[in-house]
Amino acid sequence: MTSPAFPARTSERRLHFLFNRAWQALWVLPLPAWLLLFFAVPLGLLVAISFWSVVNYRLTPDATLSAWRYVLGLDFLWASFWRSYGLSMASAIAISLLAFPASYAMAFVAAPRQRLILLGLAIAPFFTSYLVRIYSWQVFLTEGGVISSVVQAFGGKGESLLNTYFALFLGHATLALPVVLILQTIALANVDRTGISAAANLGARPGAILFRIILPAARPGLTLGLLFAFLLSYAEFVSASYLGGGTFQTLPILVTDLVRAGQQWPRAAVVSLLMIASLLVTAFVTVLWAYREKG
């Protein structure tokens with residue numbers, strides 16, 4: 001008499017299982033859909049355009065390697081690549097070192113309420129357009145500007161600082177410093193205080209506590225901050241154009257020059273793919289190092 005109810009309960013369990021799986025998939029779906037729509041599709045289009053050609057200033061679907069041959073045959077391509085890579089890595093290291101004292105103070109000195117206020121102030125620059133912030137630097141760096149006037153007041157020449165590596169670094173720091181500051185503060189604030197207290201009770205010096213306990217524990221967050229600073233600086237065009245004046249031939253400047261030279265979008269796509277490949281390799285190696293096990 002009870003046997004017919006068993007298949008009914010089994011079917012009900014299966015329906016309940018399928019419903020749960022469908023409900024879970026519904027919540028997970030936005031992430032792969034977002035990645036597909038805003039990463040995979042544009043990347044596939046970029047790869048396709050790199051094999052197209054330009055005829056009479058018009059982009060023509062094709063299957064040719066002419067854009068790849070032209071770009072890889074440029075004498076200054078690899079010079080621009082290493083210049084961009086080196087400048088971005090140097091800026092990332094300098095920005096990380098510059099942000100660390102403030103991050104350390106917010107994590108270990110400031111009270112939790114004060115830390116939230118300071119992190120809010122770190123986010124505040126993003127409420128203003130990045131282009132406006134870069135233009136404001138011109139007021140300080142140009143000849144006859146704020147810095148030049150101060151230097152002249154103390155008997156110096158007061159020359160323009162535009163179109164220099166220092167101006168380019170300021171542009172990179174304007175973009176990446178708040179992000180690095182926030183990531184470093186979060187990483188340091190999450191360090192377990194037990195090990196720090198134990199080392200201090202055993203007589204360890206502050207330097208030893210910093211380098212042997214705090215930095216290894218916060219290594220993933222600190223490394224990700226360095227990585228974000230590099231990524232933002234490497235693909236940055238506004239600083240290279242408005243503060244560097246296009247003097248330093250970086251890869252973003254090269255992309256714009258190729259597009260302007262006869263609407264050569266396939267050649268610009270090739271340079272962009274080289275940038276993406278180098279960024280992915282750097283990010284992969286950095287994340288592996290950040291999360292590697294001790295020993």
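In this predicted model, the side chain of Gln-184 has a polar atom 3.2 Å from the backbone nitrogen of Phe-100, where a polar contact is a pair of N or O atoms within 3.5 Å, one able to donate a hydrogen and the other to accept it, with residues adjacent in sequence counted only if both atoms are side-chain atoms. Gln-184 belongs to helix α8, residues 165-189, and is buried because its relative accessibility is 2%, buried meaning under 20% relative accessible area with a 1.4 Å probe and protein chains only. Apart from neighbours within four places in sequence, Gln-184 is in contact (heavy atoms within 4.5 Å) with Ser-96, Ala-99, Phe-100, Ser-103 and Leu-222.

Phe-100 of α4 and Leu-222 of α11 also take part in the contact between these two helices. By class, their contact comprises eleven nonpolar, five polar and no charged residues.

Helix α4 packs with helix α13 (residues 251-260) as well, at an angle of about 140 degrees and with axes 8 Å apart, which makes α4 oblique to α13. Leu-77, Ser-80, Phe-81 and Ser-84 of α4 meet Leu-251, Pro-252 and Leu-254 of α13 in this contact.

Residues are numbered from 1 along each chain as its sequence is written. Local features need pLDDT of at least 70 and side-chain atom pairs pLDDT 80 or more, whereas totals for chains, interfaces and linings use all residues, and side-chain values use heavy atoms, without hydrogens and water.

Notes
Helix = DSSP H or I, 4+ residues; strand = E, 2+ residues; numbered from the N terminus. Nonpolar A, V, L, I, M, F, W, Y, C, P; charged D, E, K, R; others polar. Axes fitted to C-alpha atoms, helices over the stretch in contact; angles between N-to-C directions. Parallel < 35°, antiparallel > 145°, perpendicular 65-115°, else oblique. Buried < 20%, exposed > 50% of the residue type's maximum accessible area, 1.4 Å probe, protein only.
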